[in-house]
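Here is a short report on one protein chain. Look at the fold first, then read on.

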Amino acid sequence: MWRFNKWDCLISFVQQTLTKNLRQLLDVREVDEYEEEHIPESVNIPLSNLEKIQDMHYAKDTPLFVYCHSGRRSGAAVMMLRGLGYTNAKNIGGIMHYKKA
C-alpha cells in the first residue's frame, strides 16, 4: 500500500488515465532498483539503455510520464527522449517522494 505526499494528485491522475499504447508511466532506474519497488503499471527502461524505448514502438507523441529515484535521472531521460523525437515526455520526479504505509 502506498501513501503519497504532494505527488498524490499527479500520480493518481497518471495511473487513472493510463491506457495501453496511449500513455505510459516510465521508470528509468536500473533493473535492481525497479525490482525492489516501483509504481504499479510502470515500465522499466533504465536511463543507461533508454534508446531501447524505440523497440517499444510507442508513437512519438505518446504521453510518457517519466520517474526515477529523485528526479535527476528522469530529467535527463526527458531530455534524451526529446532528442529521440518523443514530443510528450514529462518528468514527474522521483519515487523517493513516496513512502510505504
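## Overall picture

Residues 24 or more positions apart account for 63% of the contacts in the protein chain with a separation of 6 or more. Contact means heavy atoms within 4.5 Å. The model is predicted: local features need pLDDT of at least 70, side-chain atom pairs count only at pLDDT 80 or more, and totals for chains, interfaces and linings use all residues. Residues are numbered from 1 along each chain as its sequence is written, and side-chain values use heavy atoms, with hydrogens and water left out.

The protein chain has three helices and six strands. These are DSSP runs, numbered from the N terminus: helices are H or I with at least four residues, strands are E with at least two. Along the sequence the pattern reads β-α-β-α-β-β-α-β-β. Of the 101 residues, 39% count as buried. Buried means under 20% relative accessible area, exposed over 50%, and partly exposed in between (1.4 Å probe, protein chains only).

## The sheet

Four strands form an open sheet in the order E3-E2-E4-E5, with parallel pairing. Two strands pair if DSSP finds at least two bridges between them. Strand E3 (42–44) and strand E5 (89–94) are the edges, and each pairs on one side only. On average, neighbouring strands of this sheet are turned by 30 degrees against each other, direction ignored.

E4 and E5 run parallel and are joined by four bridges. Phe65 stands opposite Lys90 in E5. Helix H3 packs on the sheet and touches strand E2 (24–27), E4 and E5. The direction of H3 makes about 145 degrees with that of E4. Axes are lines fitted to C-alpha atoms, for helices over the stretch in contact, and angles run from 0 to 180 degrees between N-to-C directions.

## The cores

A nonpolar core is a set of buried Ala, Val, Leu, Ile, Met, Phe, Trp, Tyr and Cys residues joined through side-chain atoms within 4.5 Å. The largest one has 15 residues. Leu26, Val28, Leu50, Ile53, Leu64, Val66 and Leu81 touch the most other members. Strand E4 (64–68) and helix H3 (72–83) are the elements that give two or more residues to this core. Apart from it lies another core, of seven residues, among them Leu25, Phe65, Tyr67 and Ile95.

## A buried proline

Pro63 lies in the loop between E3 and E4. Is Pro63 buried or exposed? Pro63 counts as buried because its relative accessible area is 17%. Pro63 and Leu25 are 38 residues apart in sequence and 8.6 Å apart in space, C-alpha to C-alpha.
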